Amino acid sequence: MRWLAVALLVVITLLQHPLWLGKGGWLRVWDVDRQLQQQQETNSKLEMRNAGMDAEVRDLKQGYDAIEERARFELGMVKQDEVFVQIPDKPAGEKPATPGAAEKPVAATATPRSVRR
């Protein structure tokens, strides 16, 4: 009787092997499901990026406001009869207010402000 129980246990184990570890087993299904979730997240990020680019392309095709904005900020262009004034936050030759600050190197942190009329 004992040999019969051991034989049945071995048969059940052999039948379970493909279910868990085979080509279409549960471990493979869980792995593919995880990969699917990652790909869906990547796709949603790319869809958002594409929608933004599509809106920008439509805006560039339809109106001159986006073209003017790009020309001003990316290329530094100004209109005719327009004055461009750039005022830095800190003058370059300004001395430090504290006497100990002169020995320490300080990175340039002046950010220019632009004024257009």
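Reply: Helices are DSSP runs of H or I with at least four residues, and they are numbered from the N terminus. The model shown here is predicted.

Me: In which helix is Leu27 found, and is Leu27 buried, partly exposed or exposed?

Reply: Helix 2 covers residues 26–62, and Leu27 is found in this helix 2. Buried means under 20% relative accessible area and exposed means over 50%, with partly exposed in between. The relative accessibility of Leu27 is 42%, so Leu27 counts as partly exposed.

Me: Which helix gives the most to the negative patch, and is Glu74 buried or exposed?

Reply: Asp59, Asp65, Glu69 and Glu74 form this negative surface patch. Three residues come from helix 3 (residues 65–75), which gives the most. Glu74 has its place in helix 3. Its relative accessible area is 56%, and the cut-off for exposed is over 50%, so Glu74 is exposed.

Me: Is Glu82 buried or exposed, and at what distance does its side chain reach the backbone nitrogen of Lys79?

Reply: Glu82 lies in the loop between helix 3 and strand 1 (84–88). Because its relative accessible area is 17%, Glu82 is buried. Its side chain reaches the backbone nitrogen of Lys79 at 2.7 Å.

Methods
Residues are numbered from 1 along each chain as its sequence is written. This is a predicted model: local features need pLDDT of at least 70, side-chain atom pairs count only at pLDDT 80 or more; totals for chains, interfaces and linings use all residues. Side-chain values use heavy atoms; hydrogens and water are left out. Patches are made of residues with over 30% relative accessible area and no salt bridge: like charges are joined within 9 Å, nonpolar side chains (Val, Leu, Ile, Met, Phe, Trp, Tyr) within 5 Å. Accessible areas come from the Shrake-Rupley method with a 1.4 Å probe; for residues, only the protein chains shown count as cover. A salt bridge is a side-chain nitrogen of Lys or Arg within 4 Å of a carboxyl oxygen of Asp or Glu. Lys and Arg count as positive and Asp and Glu as negative; His and the chain ends are not counted. The place of a charge is taken as NZ of Lys, CZ of Arg, CG of Asp or CD of Glu. Helices (H or I, at least four residues) and strands (E, at least two) are DSSP runs, numbered from the N terminus. Buried means under 20% relative accessible area, exposed over 50%, partly exposed in between (1.4 Å probe, protein chains only). A polar contact is a pair of N or O atoms within 3.5 Å; within protein, one must be able to donate a hydrogen and the other to accept it, and residues adjacent in sequence count only if both atoms are side-chain atoms.
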